[in-house]
Amino acid sequence: MFKMLLCCGGGFSSSAMAKHVQDELIAEGKGEEACIDFSPFSLMPRVIDQYDIIICCPHLQMEMPAFFKKYDVKVPLYILPTRMYGLMKFTEVYEDALDAVQIFKETGMNPVHFPGENNPLTVKRYLSYRKTHGDWHDAENK
């Protein structure tokens, strides 16, 4: 099972978003394939090793430098683009999460970002990267 953890500052918005995504997972018959939980960002280090990816709310971008100085992280962290976080559609988040894990495995980049998306606060897409730009390998090689 592909395990995702959604984090926000206090766990309030991520709890609602994670429930919404988990309901979509079950409705689409993918409840056995993937799951999503939520956590406040400050508590995430306690459980990080239980997940395949940590998906962070956009405003947590500012926390990343201090977080990576404090922790030796072996799990990919992916900061969702603002519009994706607002809409929080299972298929889009799941596709980005799968691709972000692959980017992490191939490059070791953390936090993970797609080509041309270094700052998630400026990303305008609300669909997965592969739906809007195609395979990230192609974009990386341009």
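**Notes on the model**

1. Let me start with helix H4: its 18 residues should span 26 Å at 1.5 Å a residue, and the end C-alpha atoms are 25 Å apart, which agrees. The expected span is 1.5 Å times one less than the number of residues. Helices (H or I, at least four residues) and strands (E, at least two) are DSSP runs, numbered from the N terminus.

2. A word on the ground rules: this is a predicted model, in which local features need pLDDT of at least 70, side-chain atom pairs count only at pLDDT 80 or more, and totals for chains, interfaces and linings use all residues. Residues are numbered from 1 along each chain as its sequence is written, and side-chain values use heavy atoms, with hydrogens and water left out.

3. On confidence, the protein chain has a mean pLDDT (the predictor's confidence in each residue, from 0 to 100) of 86, and 89% of its residues reach 70 or more. Among the elements, H1 (residues 12-27) has the lowest mean, 67, while E4 (residues 77-79) has the highest, 96.

4. Asp99 is worth a look. This residue of H4 has 13% relative accessibility and therefore counts as buried (under 20% relative accessible area; exposed is over 50%, partly exposed in between, with a 1.4 Å probe and protein chains only). Leaving aside residues up to four places away in sequence, Asp99 touches Phe114, Arg130 and Trp136; contact means heavy atoms within 4.5 Å.

5. Past the end of H4, Gly108 has a positive phi, near 75 degrees. In the loop between H4 and helix H5 (129-133) sits Pro111, joined to Asn110 by a cis peptide bond with omega about 0 degrees.

6. Which residues touch the most other members of the largest nonpolar core? They are Phe2, Met4, Ile53, Ile55, Tyr78 and Leu80, out of 27 residues. Such a core is a set of buried Ala, Val, Leu, Ile, Met, Phe, Trp, Tyr and Cys residues joined through side-chain atoms within 4.5 Å. H4 gives this core its largest share, 8 residues.

7. Finally, the strands (paired if DSSP finds at least two bridges between them). E1 and E3 run parallel, joined by 4 bridges, and Met4 has Ile53 as its bridge partner in E3. E3 also pairs with E4 in the parallel sense, over 3 bridges. Along E3, Ile53 and Ile55 point one way and Ile54 and Cys56 the other, all of them buried.
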